[in-house]
Amino acid sequence: MKKLLLGLLVSLFVIGCKNSETTTKEPVSLYETELFKAVQMSGVFEDSKTFVDLVPSKDIATLESEYLKLKDNQGFRLDSFVLKNFENKSLEGLQFELDTTKNMYDHISHMWDILKRNPDSVIANSTRISLPYTYVVPGGRFQEIYYWDSYFTLEGLLVDNEEEVAQGMVQNFAFLIDSLGFIPNGTRDYYKTRSQPPYFSLMVDALAQGNNEVMVEYLPQMTKEYNYWMEGAKKVDSLSPVKRVVNLKNGNTLNRYWDSGNTPRPESYREDFLLAEDLDSDSLKQRLYKNLRSAAASGWDFSSRWFGEEGGLASTETISILPVDLNCLLYFMEKTIAKANGLKGDETTQRRYLDLAEARKAIIQDYFWNETTGFYHDYNFEDKHMTPKLSLAGVTPLFFEIATPEQAKKVKDVIMNTFLKEGGLVTTLEHSGQQWDAPNGWAPLQWLAVNGLLNYGYVDEAKEIMNRWLTLNEKVYANTGKMMEKYNVEDLSLLSGGGEYPTQDGFGWTNGVALGFKKILEDLERPD
């Protein structure tokens, strides 16, 4: 009965959301108004994301009309107009003081309550996509749920016995798949043009430990998400990119990051517009906008990983690149869907997905392994060669146990000899000024590398990385009372930097990985 009532409540919530969408479409048109462009280009707010997260007090058509009548009047102030007609209804931000009596792990456990959000009420004209279950936000400027962040956060929640919240996270993503057909980058309407690294099947797998019914329960959503990623897949004899799929010669299919838009991102409008301003044609500008958006879909926004030969952010060519990490995630999705179908008793469908996974595994080895460097690289399908840059995305085949033991040993050597710094693993070897490059290290990539090494028995190396990373986390926490989004792993006297916005604190995935590493280290010390 309880489950029936819960299902009824969610159905009513979905109906409410749909009704809201059909009667309040104005926020979508905001991004094409003169008012929007004026606010974003004039720098009324230091962070472009601030404006698109405000809620208009009237419908956008009315506000646009009022703005056009007033804007040329003497004494008109754009900032005053915005403050009068837009309201900040964001969820309450982080409010806490440094408590020197708490160690870092106690602080993290305390932070879950601060980062936790109850089910959303629907706010008319808001860009927020409302969610029906409890969830955890990353922190800082990110006051909505984000897709790939949530897997690493969830691992920490499970360590901290926050199973109910972890379950709510997965339920929310299932709701998004059911209602939108995919999981957007984040729960704002301006993110509906793209997804992010597809970790939903990993979240289901983590939640299903010891309970196979969970795997079967979320099989429809895992399958629907897979179909979203594979839309346009077909066997062809020539190169055929279609949205997130690239159909290669000889019938091979791999995936790329892709955003359906080709305009400046609403949440970074000024930055994107100025970057493309000097390009010679609208088509070149639109291509750059799509590449920037697609880099945001990767979660690595931004990194020299996506740069062309000219270098720099303006050379970003994400849609030409087949990323090794994305294709490993699709491999795991295929394996998980196969397993869930097996548990359900559908052996025919199980076999089909196992065959898809095995085929992808072979293609990953063919396209991404570089015997010369002893590492996995991305592949530029338009230029028909591996990208030359090394990045920690190359550890993903170890995390998903795709690499052979011989390959894993070579990857281990590169990790320990090249990527390992005093505070953990650096993301790339390039100092580009972008946040997903040196000298920064990020919690999710430490997690992938450590667990990848453990999969192949490299315990000492994994422990070394975990200890260096946690020591840095603890040092920054002792100095600031905060857990950070990213860390400078090369110079431990400095905080991280680079990117479109200042370093954020909170922080969901850093908290999750710290708790996860603490548990792994404790488990490794226990006698068998």
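Student: Which side chain meets Arg-194 in a salt bridge?

Tutor: This is a predicted model: local features need pLDDT of at least 70, side-chain atom pairs count only at pLDDT 80 or more, and totals for chains, interfaces and linings use all residues. Residues are numbered from 1 along each chain as its sequence is written; side-chain values use heavy atoms, without hydrogens and water. A salt bridge puts a side-chain nitrogen of Lys or Arg within 4 Å of a carboxyl oxygen of Asp or Glu. At 3.1 Å, N to O, the partner of Arg-194 is Asp-259.

Student: How many residues apart are Arg-194 and Asp-259?

Tutor: Arg-194 sits in the loop between helices H9 and H10. Asp-259 sits in the loop between strand E7 and H13. Helices (H or I, at least four residues) and strands (E, at least two) are DSSP runs, numbered from the N terminus. The pair links distant parts of the chain, the separation being 65 residues.

Student: Is Asp-259 buried or exposed?

Tutor: Buried means under 20% relative accessible area, exposed over 50%, partly exposed in between (1.4 Å probe, protein chains only). Asp-259 has 0% relative accessibility, so Asp-259 is buried.

Student: Which helix holds Glu-334, the partner of Arg-360?

Tutor: Arg-360 and Glu-334 form a salt bridge at 3.1 Å, N to O. Both residues are buried. Arg-360 lies in H16, and Glu-334 lies in helix H15.
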